[in-house]
Amino acid sequence: MRDSAPRVVIVGGGFGGLAAAKALRNTDAQVLVVDRQNHHLFQPLLYQVATSVLSPGQIASPIRSILRKQHNTTVILGEVTGVDAEQRCVFVDSVDREGVALGYDYLILATGASHSYFGHDEFARFAPGLKSLADAVSIRNHVLRAFEQAEAEEDPKRHRDLLTFVLVGAGPTGVEMAGALAILVRSTLRSEFRRIDPSLARIVLIDVAPRVLGPFAESLSAAARTRLEQLGVEVRLGHAAELIDADGVVVGGERITSKTVVWTAGVTPSPAGKWLKAPTDRAGRVRVQQDLSVPSRPEIFVVGDTASLDQDGRPLPGVAQVAMQQGRHAGRVIHARIAGAPAPRPFRYFDKGTMAVVGKGFAVLQTGRLRLSGFLAWLAWAAVHLEFLAQSSLRVSVFVQWVWTYLTGQRGSRLIVNFPEPSSRDPVATGARGTPSTGFRERS
Ligand SMILES: Cc1cc2nc3c(=O)[nH]c(=O)nc-3n(C[C@H](O)[C@H](O)[C@H](O)COP(=O)(O)OP(=O)(O)OC[C@H]3O[C@@H](n4cnc5c(N)ncnc54)[C@H](O)[C@@H]3O)c2cc1C
């Protein structure tokens, strides 16, 4: 790589950004990956950290470790706060410096999404979402502490409130989390307490939609709902959460008293559209062209959850496969331009199918015209998730843990870890500057 080689800045080392970086490994370019976290996170398994199946280190890897053999690529820990498209630079806050301008010849924004409370940001304090490792560990701490508190509580009337867990949002995350919680309380914890019966814990899944797993075929939604109910999950559909406060949730005019409410409903894209002052869709995702570049800015690409692109008249979903395929494509377009090769064909998403797991040994899967639910779908789910973990060491470790949990019911990571209050100036300690702190702290 020449010193004068063009510089490609990739913001975000998630699914999209990492795929873009890998696609540039043989390019005569200086590639810089900037992320506010030091790790690439496999978000689809976050709920397993929140429910104690896996530990944080099993679903995340340092970005610099993943890219260690890629000699044209440098990884920088820092938070991008804006883009000057005229001057071709991004502004980065790092541990000890703010607003450092980082020039680029090509820019790929792969900054993902965060929680959306649909205009009710006041809910965030009482119903944290599940998006980062810090979120997952905080939820895990809270769930485990609820059982400890109930065991120590002399007044049985308080047990019910402590052991009521409400999940707001019955999409894949809510359904997977509800199923995993049900297994946790009804098998793993069952024999370990003396004063309380963990299996009597109440798990309530609510959504304004008329069915769970809205993006799936109706038959699979119905199968998932039946499975959840068999596991003892109360599924309450057709009503939005009207109020969430320190005492629980009001839904359909009824209060559900609970000390643990988790937000698994909406997401909102990163502010990339605002940085670029580019056209966005109604959700705020940047409208990109068929080569994934921004209109009138052929050197800037946006991929993944923060990009908006229609295919066959429908917007592409915010899923990992879209982000990975888009990241790879943006990398190839840039590679072709630098190498003076013909441009790749316009981007087209290849849908490999969608899956969600519901408790132990049961998943739903849809791909093309195939609809599958049950154990076979769960095996496919497990194989696909293992395949897409970032490093082979994680694959081995997660596989062993799953087999162990499947056979014994024991979970890998049930420690309640109390963190000291982080300094707001330290992006390493806070996990992500600008991300609201997880809401449980105020309530304990
Ligand atoms: C709980 C959960 C479960 C999910 N389950 C599934 C599933 O089963 N299947 C599926 O296909 N999809 C699933 N998804 C969605 C999937 O994870 C996303 O679609 C995918 O991560 C999008 O990839 P991305 O590269 O756009 O963003 P991300 O993977 O979120 O990566 C964004 C990266 O950008 C970094 N970043 C953001 N802002 C900045 C900034 N200002 N400066 C520096 N760095 C920044 C972040 O730290 C992060 O590393 C799930 C998501 C969640 C939250």
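## A buried histidine and the basis of the model

His 159 is buried, its relative accessible area being 15%, where buried stands for under 20%, exposed for over 50% and partly exposed for what lies in between, with a 1.4 Å probe and protein chains only. The residue is placed in helix α5, which covers residues 156-162; helices (H or I, at least four residues) and strands (E, at least two) are DSSP runs that are numbered from the N terminus. From there the side chain of His 159 reaches the backbone oxygen of Ala 150 at 3.0 Å.

The model is predicted, so that local features need pLDDT of at least 70 and side-chain atom pairs count only at pLDDT 80 or more, while totals for chains, interfaces and linings use all residues. Residues are numbered from 1 along each chain as its sequence is written, and side-chain values use heavy atoms, with hydrogens and water left out.

## Salt bridges

Side chains of opposite charge can pair when their charged atoms come close. With a salt bridge defined as a side-chain nitrogen of Lys or Arg within 4 Å of a carboxyl oxygen of Asp or Glu, the count comes to 17 salt bridges. One of them joins Arg 225 to Glu 229, with the closest N and O atoms 3.0 Å apart; both residues lie in helix α7 (residues 218-230), four residues apart, or about one turn of the helix. Arg 225 is partly exposed at 30% relative accessibility, and Glu 229 is partly exposed at 39%.

Another salt bridge pairs Asp 247 with Lys 259, the closest N and O atoms being 3.8 Å apart. This pair links distant parts of the chain, since Asp 247 sits in the loop between β14 (241-245) and β15 (248-251) whereas Lys 259 sits in the loop between β16 (254-257) and β17 (260-263), 12 residues apart. Asp 247 has a relative accessible area of 41% and is partly exposed, as is Lys 259 at 25%. Arg 287 and Asp 310 also meet through their side chains in a salt bridge, at 3.9 Å from N to O. Because Arg 287 lies in strand β19 (residues 286-287) and Asp 310 in strand β23 (residues 310-311), the pair ties together parts that are 23 residues apart in sequence. Arg 287 is partly exposed at 35% relative accessibility, and Asp 310 is partly exposed at 36%. Beyond these pairs, a network of salt bridges links Glu 86, Arg 88, Arg 297 and Glu 299.

## Surface patches

Patches are made of residues with over 30% relative accessible area and no salt bridge, like charges being joined within 9 Å and nonpolar side chains (Val, Leu, Ile, Met, Phe, Trp, Tyr) within 5 Å. A nonpolar patch on the surface is formed by Phe 375, Leu 376, Leu 379, Val 396, Phe 399, Val 400, Val 403, Tyr 406 and Leu 407, which together have about 870 Å² of accessible area. The elements that give two or more residues to this patch are α10 (375-388) and α11 (392-408), and α11 gives the most, with six residues. Phe 399 is placed in helix α11 and counts as partly exposed at 46% relative accessibility.

A positive surface patch consists of Lys 22, Arg 25, Arg 328, Arg 332 and Lys 352. Among these residues, Arg 332 is found in helix α9, which covers residues 320-339.

Ser 293 is placed in strand β20 (residues 293-294), where it is buried with a relative accessible area of 1%. Its side chain makes a polar contact with the side chain of Asp 291 at 2.7 Å; such a contact is a pair of N or O atoms within 3.5 Å, of which, within protein, one must be able to donate a hydrogen and the other to accept it, and residues adjacent in sequence count only if both atoms are side-chain atoms. Gly 304, in the loop between β21 (297-302) and β22 (307-308), is likewise buried, with a relative accessible area of 9%.

Note on methods: Accessible areas come from the Shrake-Rupley method with a 1.4 Å probe; for residues, only the protein chains shown count as cover. Lys and Arg count as positive and Asp and Glu as negative; His and the chain ends are not counted. The place of a charge is taken as NZ of Lys, CZ of Arg, CG of Asp or CD of Glu.
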